[in-house]
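Reader: I have a model open and would like to learn how to read it feature by feature. Could you walk me through it?

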Amino acid sequence: NKIKLKFKENANFDNNTYDTWINSVKPISYEGNVLTLELPTALHRDYWDRQLKSTFIEYAYAITQTDITPNLVLKGEVDDNNQNLKRFNEANGKSEIPHIDPHLNPNYTFDTFVIGQGNQMAHAAALAVSEDPGKVYNPLFFYGGVGLGKTHLMQAIGNKVLSSNPNAIVKYVTTEKFTNDFIDSLQNNKMQEFRKVYRNVDLLLIDDIQFLANKEGTQDEFFNTFNALYEDNKQIVMTADRLPNEINSLTDRLVSRFKWGLSVDITAPDMETRAAILRAKAKSESLAIDDNIMSYIASQIDSNVRELEGALSRIKAFADLKQEPITMDLVSEALRPLKLNKEKSAITPESIIKTTASYFRVTVKEIKGKKRVKAIVMPRQIAMYLSRELTDNSLPKIGEAFGGKDHTTVIHACDKISKQLATDSDLQNQIKDIKTEIKH
Ligand code: ADP
Ligand code: MG
């Protein structure tokens with residue numbers, strides 16, 4: 001109605017002309033930015049096609065900020081809206097399915113992906129598939145540990161395919177979402193819709209398929225989806241944290257299907273790649289960080305890219321809060337808790353017992369045993385005290401590590417050592433030395 005009004009206001013129509021050519025037009029449906037309009041006669045269609053269509057698009061845009069395409073149909077031809085839309089889309093080279101949201105993160109592109117030793121094969125395969133989906137490696141399967149770029153690379157394929165062919169139907173789903181959709185459609189008698197959605201795609205990206213483990217029904221449906229797409233030469237890309245044959249109870253027929261294509265692993269980035277990733281991220285966030293500081297961060301955070309990103313945002317937050325430039329001091333302060341966590345997890349009661357025993361020249365067996373002579377009781381209590389301080393283990397767990405002692409014994413030891421520490425400087429030094437050794 002607003003568009004009609006705009007015609008009336010702007011097009012210098014007298015009332016009669018307006019009623020004849022504009023007001024007689026009936027909107028029928030609106031789907032995927034296509035507005036289907038019903039016109040009374042062929043003459044109307046002719047006139048609209050030649051004269052009014054472009055003005056319509058212009059007015060529609062002014063009102064809705066959306067590019068709306070009119071789909072002109074004659075009265076009597078309007079049998080079923082979907083039929084109309086289908087004809088229109090076919091004539092315009094579009095598929096019958098209205099545009100579905102591909103669920104892609106726009107930042108996960110090839111441009112933002114840093115190539116390094118651990119991922120260059122995967123990157124090359126991803127690029128090849130994005131240039132020729134359904135033709136080269138189908139299915140393409142990435143596997144590797146968490147935070148190494150599997151999801152990023154998979155979505156880069158989706159983004160690339162869409163940018164070279166905006167009409168392509170791309171769908172990214174996590175295995176969890178696929179499973180939920182499947183169960184949901186079973187419960188609500190919507191299997192047909194489910195299949196329509198998953199089998200009418202040109203590119204299906206399905207993430208973390210290790211979660212198909214022990215889900216037989218979902219595996220069956222995925223098997224059927226896979227076959228339907230594969231037979232249609234549609235591209236399938238999958239990821240998991242391990243190889244298909246290592247996924248618990250994944251049916252053999254799925255495992256063998258996955259072998260039809262290409263499996264590539266992604267491994268942890270080496271020092272050089274970590275530094276390159278940091279440089280790229282810092283640049284994209286306009287952070288000024290010295291090269292040697294960059295290398296320092298890369299040397300400290302060596303597990304995966306997600307943690308590298310986490311470290312960088314901590315550093316950024318520190319610099320922002322303190323309103324200071326990013327110096328080595330600031331970086332080591334920002335990263336300290338991350339490093340402590342790591343140290344903590346590497347230290348166990350076992351390693352503490354071993355170090356303490358060797359420091360006092362007694363055996364591990366003696367510390368774990370029951371002998372109550374002073375030369376053994378003291379090291380045993382110190383080791384208990386250190387286990388409490390340096391690990392997250394519970395008291396019963398610590399007792400267990402000491403040859404199955406009761407947690408009250410551990411409490412007693414900790415109390416005794418803390419009290420003595422307050423006054424005994426020899427003990428203070430001993431504990432300091434043992435700690436240093438444990439941390440090495
Ligand atoms: P995964 O799916 O393997 O657990 P993600 O793809 O979610 O890992 O990656 C974790 C984070 O690290 C993401 O923010 C991603 O953009 C980033 N990342 C991983 N690898 C790279 C890389 N080679 N270059 C740039 N960023 C990367
Ligand atoms: Mg992932």
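**Reading the model**

Author: Accessible areas come from the Shrake-Rupley method with a 1.4 Å probe, and for residues only the protein chains shown count as cover. This is a predicted model, in which local features need pLDDT of at least 70 and side-chain atom pairs count only at pLDDT 80 or more, while totals for chains, interfaces and linings use all residues. Residues are numbered from 1 along each chain as its sequence is written, chains are lettered from A and ligands numbered from 1 in the order in which they are written, and side-chain values use heavy atoms, with hydrogens and water left out.

Reader: How many helices and strands are there in the chain?

Author: The chain has 20 helices and 8 strands. Both are DSSP runs numbered from the N terminus: helices are H or I with at least four residues, strands E with at least two.

Reader: What share of the residues count as buried?

Author: Of the 440 residues of the chain, 42% are buried. Buried means under 20% relative accessible area, exposed means over 50%, and partly exposed is in between (1.4 Å probe, protein chains only). A contact means heavy atoms within 4.5 Å.

Reader: Now a single helix. Which residues of helix α1 are buried?

Author: First the general idea. An α-helix has 3.6 residues a turn, so residues three or four places apart point the same way. In helix α1 (residues 2-10), the buried residues are I3, K4 and F7. They lie on the same side of α1 because they cover an arc of only 105 degrees around the axis; the arc is that of the directions from the helix axis to the C-beta atoms. K2 and E9 are exposed on the other side of α1.

Reader: What do the buried residues of α1 pack against?

Author: Their packing partners are α2 (15-23) and α3 (42-64). Look just after α1 as well, where N12 takes a positive phi of about 55 degrees.

Reader: How should I read salt bridges?

Author: Side chains of opposite charge can pair when their charged atoms come close. The rule here asks for a side-chain nitrogen of Lys or Arg within 4 Å of a carboxyl oxygen of Asp or Glu. By this rule the count is 16 salt bridges. One of them joins D181 and K177, at 2.9 Å from N to O. Those two residues are 4 apart in helix α7 (residues 175-187), so about one helical turn separates them. D181 is partly exposed at 21% relative accessible area, and K177 is partly exposed at 36%.

Reader: Which parts of the chain does the pair K281 and E309 link?

Author: K281 forms a salt bridge with E309, with the closest N and O atoms 2.7 Å apart. The pair links distant parts of the chain, since K281 is in helix α11 (residues 271-284) and E309 is in helix α13 (residues 305-322), 28 residues apart. Elsewhere, salt bridges that share partners join R195, R199 and E221 into one network.

Reader: And the ligand? Which residues come nearest to ligand 1?

Author: V114, G147, K150, T151 and H152 come nearest, out of 18 residues around ligand 1. A residue counts as near if one of its heavy atoms lies within 4 Å. In the side chain of H152, an N or O atom is 2.6 Å from an oxygen atom of ligand 1. The protein covers 94% of the 560 Å² of accessible area that ligand 1 has on its own.

Reader: Is Q155 buried or exposed?

Author: Q155, in helix α6 (residues 150-164), is buried, with a relative accessible area of 4%. Not counting residues up to four places away in sequence, Q155 touches H103, L104, N105, Y108, Y172 and L205. A156 is also found in helix α6 and is buried at 1% relative accessibility. With the same exclusion of residues up to four places away, A156 touches Y108, T109 and F110.

Conventions: Polar contact = N/O pair within 3.5 Å; in protein donor to acceptor, adjacent residues only side chain to side chain.
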